[in-house]
Amino acid sequence: MTESEKLQLCLERDRLLCSAEFVRAPTMSKLLRYLVDYKLQDDDRPLTAYGIAVDALGRDDGFDTQADSYPRVQMGRLRRMLDHFYLREDSENRLSIPYSNYEIVVSENETISPASQELAVDRRSHPEAPPADNDTAEPEKLPGWFQTLGFHPRRPTYMVVAITSFFLVAIGASYFTQGNSAGVASKIDYPAVVLESPEGMVNDAARDKIRVIRSHLVGALNKFDQTRIFDSEAAPTVDSQYLLETSILNETGERTQLRLVDSITREVIWSTIVEARTNEALEEKLDKAVVEIASPYGKIAQHELSKFRGDFTPGYPCVLQFHQYMRYRQAAILKPSLSCMQTSAERFPNDAYLMSLMVEAKNIATQLDQKVKIRGSGREIAQTAVRLDPTSASATFAVAQDAFLDSDCRKGAAWGERAVNLNPLSSQIMGHLGMFMLACKLPDGETYAIRALEMDPNADLAIAATVAIQKMRKGDARGAYELSLNYMNTAPGMAPGLEISHMLSAAALGKRNEARNAWRRFAERSGYPETAASRVVFERWIANPDIVRELEMEFEKADLY
């Protein structure tokens with residue numbers, strides 16, 4: 001290195017160490033110092049995971065890098081902290097750590113401009129799904145019922161497609177924001193989860209389990225955009241903090257207790273016992289635990305909502321309210337949710353997760369004719385979200401939504417599957433991808449939707465309704481009936497999609513009185529008497545006349561009156 005390069009390296013190191021993030025993370029600060037010092041020595045020997053573990057992270061000489069991924073996990077965390085810092089800060093140069101090795105380098109701070117984030121799928125890194133028959137086949141397009149979104153009809157509709165389009169009312173559209181005048185990146189303070197050091201047995205068998213558990217929890221929790229993960233050495237400065245405690249309950253380490261604790265009140269929010277003999281089984285059960293606590297409708301979100309119920313303050317409270325609308329479609333909170341989302345986007349223009357939610361907010365406002373001004377196009381919001389965080393599953397799925405709504409099903413499927421790969425634990429992403437693919441008549445759509453329901457009992461009701469209608473289409477009225485009833489019991493108010501599938505499946509099973517009663521309740525809560533024409537009632541919820549006609553024909557087949 002030249003003297004100038006060494007000086008620049010030291011200046012960037014000191015700048016980082018003085019930042020609030022690194023001050024709160026002593027382990028990351030120590031690791032950063034070690035990497036810079038090693039670089040300054042001009043040592044030709046490459047850094048190793050063992051050297052980092054022992055010399056920088058304080059592990060003993062017997063540390064086994066094959067059995068313990070701790071140094072790799074910490075290096076990944078440092079990479080993310082560096083990326084987040086330089087995305088926010090206006091700097092000509094930056095420090096980075098290439099994924100091919102552990103050497104820290106000084107490079108030019110090049111942010112990705114929206115123009116460079118062209119949404120056409122790059123075949124080198126994001127290959128599209130292959131054509132069905134040959135390389136010259138035309139891409140599958142969205143069917144005619146998507147004309148309500150501004151596209152022209154291309155082919156007849158089918159029952160599943162028509163119903164699916166109704167449930168997709170909250171998917172797609174756009175938002176585009178400019179950075180604030182001060183050039184400071186603003187992000188929402190999402191709840192912090194602090195991983196506490198495990199308690200209990202400390203023999204070799206238990207110690208191996210502890211390593212697997214800690215490493216897997218860090219990786220799984222980091223996939224969710226609406227939580228921030230810290231180790232027990234860090235001191236996050238956010239209002240909402242939770243401790244995730246691990247206790248080993250037997251000598252073999254095969255029985256473990258996980259507890260989620262409010263760090264302020266010390267209230268135990270959630271607890272479970274994980275029993276597994278193999279690491280594969282253990283990781284599968286840990287995944288289910290993470291989904292249960294960290295999903296948009298998980299234990300953390302539910303506990304936070306209890307504190308912010310009815311609170312539409314821009315930021316995290318607003319995100320919680322918007323999620324509630326997305327899950328239950330409660331009309332009373334629609335307008336204030338959209339309004340606070342618009343204000344949140346203006347106040348936090350550099351929050352990738354918020355920007356991805358604005359895609360849905362814009363389409364809701366458009367479809368339901370809400371007088372809330374949400375600026376921009378789908379392409380702009382997708383570019384903005386991906387630029388802010390290229391590794392975010394939610395931001396990536398915003399690109400998929402834009403492609404689907406642009407009638408390019410294959411491109412949407414390719415980006416959607418990439419989003420699922422980034423976070424295979426998100427029922428929201430997986431389920432919505434399944435709904436889009438079903439609407440496009442693409443393979444695996446039903447598989448994705450069903451898997452979303454299996455992995456998360458709190459999945460969106462729209463996903464459950466779509467699967468129920470798909471079951472009816474395949475002649476499984478019993479399955480549709482049972483699924484509809486099961487999820488209707490979790491809804492606090494009306495659940496139009498589920499109520500429609502329940503009504504039609506009950507009629508198909510010969511449960512005519514039950515179907516008639518379901519129709520009566522649905523009509524009356526829609527503001528009409530049971531004698532009203534079905535078309536009039538359906539138009540209360542659905543703007544697309546094609547979908548209304550489909551439902552009207554199905555209602556006539558049921559012969560309820």
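Glutamate 417 is partly exposed, at a relative accessible area of 25% (partly exposed lies between buried, under 20% relative accessible area, and exposed, over 50%, with a 1.4 Å probe and protein chains only). This glutamate sits in helix 15, helices being DSSP runs of H or I with at least four residues and strands being E runs of at least two, both numbered from the N terminus. Setting aside neighbours within four places in sequence, glutamate 417 is in contact with Leu433, Met437 and Tyr448, where contact means heavy atoms within 4.5 Å. Isoleucine 429 is 12 residues from glutamate 417 along the chain, and their C-alpha atoms are separated by 9.3 Å.

A word on the model itself. It is predicted, so local features need pLDDT of at least 70 and side-chain atom pairs count only at pLDDT 80 or more, while totals for chains, interfaces and linings use all residues. Residues are numbered from 1 along each chain as its sequence is written, and side-chain values use heavy atoms, with hydrogens and water left out.

On the whole-chain level, there are 23 helices and eight strands. Of the 561 residues, 55% count as buried. Take the contacts between residues at least 6 apart in sequence: 63% of them join residues at least 24 apart.

A cavity here is a set of points, on a 1 Å grid over the protein atoms alone, where a 1.4 Å probe fits but cannot get out; lining residues have an atom within 4 Å of a point. The largest cavity is lined by 18 residues, and Tyr353, Ser356, Ser394, Gln428 and Ile429 are the closest to its centre. Helix 12 (352-367), helix 14 (393-405) and helix 16 (427-439) are the elements that give two or more residues to this lining. By class, the lining has seven nonpolar, eight polar and three charged residues (nonpolar: Ala, Val, Leu, Ile, Met, Phe, Trp, Tyr, Cys and Pro; charged: Asp, Glu, Lys and Arg; polar: the others, Gly among them).

Serine 407, in the loop between helix 14 and helix 15 (409-422), has a phi of about 70° although it is not a glycine. Serine 407 is buried, with a relative accessible area of 2%. Aspartate 444, in the loop between helix 16 and helix 17 (445-455), has a positive phi near 75°. Aspartate 444 counts as partly exposed, at 46% relative accessibility.

Finally, glutamine 257 is found in strand 7 (residues 255-262) and counts as partly exposed at 23% relative accessibility. Serine 247, 10 residues away in sequence, is 5.1 Å from glutamine 257, C-alpha to C-alpha.

Methods:
1 Å grid on protein atoms, 1.4 Å probe; cavity = no way out; pocket = protein on both sides within 12 Å on 5 of 7 lines; lining within 4 Å.
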